[in-house]
Amino acid sequence: MDKRSRILLAVASLTLLLMYVFPIWRITLDAPQYPEGLGMYIHINNITGQSKHDLTNINNLNHYIGMKRIEPESIPELKMMPWIVGFVIVLGLAGAASGKKSLLYAWTILFILISIVGLVDFYLWEYDYGHNLDQVHAIIKIPGMNYQPPLIGSKQLLNFVARSWPFVGGWAAFVSMGIGLWVTVSNLRMRKPNQVVV
Amino acid sequence: MTTSFKTNMSLGILALILIGGIGASCTGTDQAGSMSGDAASKVYVPPGSLDEFYAFMSGGFSGQVTVMGLPSGRLLKLVPVFSQNAENGYGYSEETKPMLNTSYGFIPWDDSHHPELSMTDGVPDGRWLFINGNNTPRVARIDLTTFETEEILQIPNSGGNHGSPFITPNSEYLVASTRFSVPIPQQDMSIADYKDNFMGTLSFIRANEPGNMDVAFQILVPGFNYDLAHAGKGPSNGWMFFTSYNTEQANTLLEINASQNDKDFVAAVNWKRAEECVAAGAGRDMAADYYHNYMNEARIAESVQKTSVRVIEPTDCSDMIYYLPTPKSPHGVDVDPTGEYIVAGGKLATVIPVHSFSKMIQAIADKAFETEVEGIPVLKYEAVIAGEVENAGLGPLHTEFDGKGFAYTTAFISSEIVKWEIGTWQVVDRIPTYYSVGHLMIPGGDSQKPWGKYMVALNKITKDRYLPTGPELAHSAQLIDISGDKMKLLLDFPTMGEPHYAQAIPADLIKDKQVKIFAIEENKNPYAIRGEGDTRVEREGNVVHVYLSTIRSHFSPDNIEGFKVGDEVYFHVTNLEQDWDVPHGFAIMGARNSELLVMPGETRTLKWVPQAAGIYPFYCTDFCSALHQEMQGYARVSPRNSTVPLSFHTGE
């Protein structure tokens with residue numbers, strides 16, 4: 001790889017460090033009687049409320065519809081993500097250090113695959129919580145209704161507008177992937193005919 | 001009749017109609033004239049917006065404090081202080097009952113007159129609001145992050161604590177003073193022996209240590225009626241001024257007998273000097289019986305008996321107290337923002353006398369005394385007077401300041417507020433009040449830096465100002481714009497109780513410090529529970545403790561069996577919510593007290609003594625959730641000798 005590509009690959013990898021500092025995703029809930037707002041942050045290893053007691057209060061409100069309590073300790077993805085992201089960073093830095101294009105391509109492909117798997121997993125998680133309701137103890141039962149929040153975007157759930165969007169850590173991941181893709185494509189374009197990828 | 005007679009008659013009738021018409025339109029238009037068209041926009045706080053000021057109005061005979069927003073006149077809250085409040089269980093719950101304990105026992109009411117904000121550098125700082133209790137002499141402290149009464153101190157050797165709780169510029173002391181002289185110490189004697197036997201006290205109470213309010217010392221003074229007070233500031237910081245009337249020392253028909261003397265006194269107390277004397281051992285400890293009640297760390301009121309108080313007499317400490325002659329039966333005493341002028345409202349006087357602090361100091365140095373009363377030098381009137389405001393209305397009472405060089409004095413009898421210039425003593429404007437204004441309040445108006453935009457007239461007579469509501473009417477108040485040269489009436493609104501005085505502070509100073517919930521992990525109530533798993537019912541002989549939790553929308557436990565007739569049952573209700581504005585209430589059939597209103601994270605206890613066997617429902621009284629109507633429970637009371645065991649559950 002040329003020097004610029006190596007630097008950019010390193011920058012892209014280091015950008016992912018932001019995922020350890022800032023939340024990756026944010027889901028907010030707005031309702032007329034909550035002018036102060038309610039929300040939760042999904043961090044790389046935890047889920048917390050936007051304000052101190054939001055997660056507890058969201059769980060308490062969810063008991064009306066029979067939704068499971070969101071308990072960060074029991075969500076395995078939150079234990080795996082720090083390692084997965086760590087591996088991607090290390091791989092990228094190794095690629096930048098060694099200058100090998102194979103590592104660059106591997107990094108980009110892996111990153112895309114991991115992101116797709118992550119988003120699908122997030123969707124399935126939201127599906128599970130929104131559909132598998134405790135029908136016996138639910139107080140509000142609306143036939144055919146589910147409370148799956150949007151993967152990305154906004155949706156009306158009873159009196160709440162649920163909005164789901166990436167947060168700083170998540171945007172950092174997109175930026176990082178963007179840089180990685182750009183470096184990959186420009187390196188692919190630079191290939192001379194019959195040159196073996198080294 | 002001749003044509004000329006008819007013409008004359010017609011002209012005469014026409015003239016009468018014209019004169020009558022002009023006359024009729026002359027009366028009653030004052031009110032319409034002083035309301036300018038833009039008054040509505042000045043007081044309109046649109047939905048979703050907040051007022052500029054918090055105003056704290058005393059409740060007077062209600063014993064409470066009401067909080068209102070200015071300029072809208074919105075009633076924000078009733079803060080119970082000296083009177084029980086069944087609405088939220090203040091004075092009924094086990095945790096709050098001790099606040100109303102006194103040397104006479106539990107007293108469920110008092111008469112609260114004057115709120116006073118805590119000050120730092122002579123400016124309200126938004127920490128606390130103090131207020132006096134008149135009937136059973138006391139002072140109370142309200143915390144301005146929770147708007148709850150946190151401390152009440154009874155005043156010993158006192159009768160009628162009216163001239164209270166005026167505070168020094170750094171909240172070192174607030175004062176109490178006796179409206180009614182009594183024998184000190186109390187004893188049986190003929191009332192006719194008032195003169196020479198009944199005395200007054202001026203008490204200095206340490207005010208800047210929350211939880212430790214204490215009478216630092218009391219000055220024993222001649223038996224006059226001590227009425228109001230205000231602290232010196234700036235150059236006069238270190239002095240406290242009290243008005244007195246009834247220097248005639250009458251004990252009956254004061255209306256006539258206390259209105260005889262041409263001049264009564266303003267008592268000027270050099271409290272820094274008094275402090276020095278007391279520290280050096282002057283005065284003596286007198287046995288006394290009074291109570292100090294305060295909310296402890298667990299937010300439970302504790303009531304502690306005190307048994308002595310330090311008393312100092314004028315002869316024990318030279319240069320401590322002086323009398324300034326003041327016409328005539330003075331009521332309010334107010335110190336201007338510069339600290340130089342001491343304005344007294346002589347309610348039967350025809351002028352407003354203004355004393356000068358610097359002249360007073362000079363007169364003391366020159367020993368310009370006209371006489372002495374029981375060891376207290378009386379300064380010569382001409383030596384201390386700075387000026388007299390003439391044409392100041394009939395029955396001047398109280399003065400506040402706008403910080404722009406003007407003073408505003410209420411005139412009760414002529415029902416107006418008079419604006420005059422400090423230094424020239426000239427009246428520059430007057431505005432009617434509706435009706436018979438007592439106190440007035442300018443935010444910061446008694447401090448070193450008034451916020452001179454609004455003024456509130458607190459009236460004693462309402463009559464036709466609002467829709468009538470039977471014979472007993474709410475006291476009226478008017479909001480007046482004082483930002484310009486001329487005063488303008490903006491708003492007229494009713495108040496709760498009888499606000500004698502008020503204090504106001506810009507909302508920004510306290511609104512972001514308001515407590516929204518109590519953190520459950522910081523709840524130190526010994527009967528608190530942290531989660532539904534800890535809920536239980538325990539019996540200790542005839543006493544049963546119910547550890548009850550509330551959360552939307554159920555009690556835990558909500559079915560309790562095994563109570564017996566005559567049991568002393570304590571429901572310790574913990575609200576497990578940690579969400580803003582989700583209180584829960586608790587009431588049980590047959591309880592002879594009130595409901596509980598429990599804030600998120602808080603524990604409050606209600607005592608219940610079931611008198612007859614049966615099933616007693618209980619329920620949440622504050623609409624908490626969509627399923628509030630389902631938030632209920634049952635308590636089973638069995639006969640005294642039954643063997644029904646104690647059991648409790650929620651759900652299966």
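Axes are here lines fitted to C-alpha atoms, for helices over the stretch in contact, and the angle between two of them runs from 0 to 180 degrees between N-to-C directions. In the predicted model, helix α4 (residues 77–98) of chain A and α5(A) have axes that come within 9 Å and cross at roughly 165°. Since angles over 145 degrees count as roughly antiparallel, α4(A) and α5(A) are therefore roughly antiparallel to each other. Their crossing is left-handed. On the side of α4(A), the contact is made by E77(A), I84(A), V88(A), L91(A), G92(A), A94(A), G95(A) and S98(A), and on the side of α5(A) by L103(A), L104(A), W107(A), L110(A), F111(A), I114(A) and D121(A). When the residues of this contact of α4(A) with α5(A) are divided by class, ten are nonpolar, three are polar and two are charged.

The axes of helix α5 (residues 101–131) of chain A and helix α6 (residues 168–190) of chain A come within 10 Å, and the two axes cross at roughly 140°. An angle over 145 degrees would be needed for the roughly antiparallel class, and 65 to 115 degrees for the roughly perpendicular one; α5(A) and α6(A) are therefore oblique to each other. The crossing of α5(A) and α6(A) is left-handed. From α5(A), the residues in contact are K101(A), L104(A), Y105(A), W107(A), T108(A), F111(A) and S115(A), while α6(A) contributes M177(A), G180(A), L181(A), V183(A), T184(A) and N187(A). By class, the contact of α5(A) with α6(A) holds seven nonpolar residues, five polar residues and one charged residue.

Between the chains, the contact takes six residues from chain A and six residues from chain B. The side of chain A that touches chain B is made up, by class, of one nonpolar, four polar and one charged residues.

Chain B contains seven helices and 45 strands. Its C-alpha atoms fill a box of roughly 100 × 85 × 45 Å, taken along the principal axes. A compact globule of 652 residues would have a radius of gyration near 26 Å, and the value of 29 Å for chain B therefore agrees with that expectation. The domain assignment of chain B gives domain 1 (53–513) and domain 2 (520–649), and the C-alpha centres of these two domains lie 43 Å apart. Eleven residues of domain 1 of chain B are in contact with twelve residues of domain 2 of chain B. On the side of domain 1 that touches domain 2, the residues comprise four nonpolar, three polar and four charged.

Most residues other than glycine have a negative phi, and most peptide bonds are trans. Phi of F147(B), a residue other than glycine, is positive, with a value near 55°. F147(B) is located in the loop between β8 (138–143) and β9 of chain B.

Note on methods: Residues numbered from 1 in each chain as written. Chains lettered and ligands numbered in written order. Predicted model: local features only at pLDDT ≥ 70, side-chain atom pairs only at ≥ 80, totals over all residues. Helix = DSSP H or I, 4+ residues; strand = E, 2+ residues; numbered from the N terminus. Parallel < 35°, antiparallel > 145°, perpendicular 65-115°, else oblique. Left-handed = near helix turned anticlockwise from the far one by under 90°. Contact = placed C-beta atoms within 7 Å. Nonpolar A, V, L, I, M, F, W, Y, C, P; charged D, E, K, R; others polar. Domains from an automatic or database assignment. Rg over C-alpha atoms; globule rule 2.2 N^0.38 Å.
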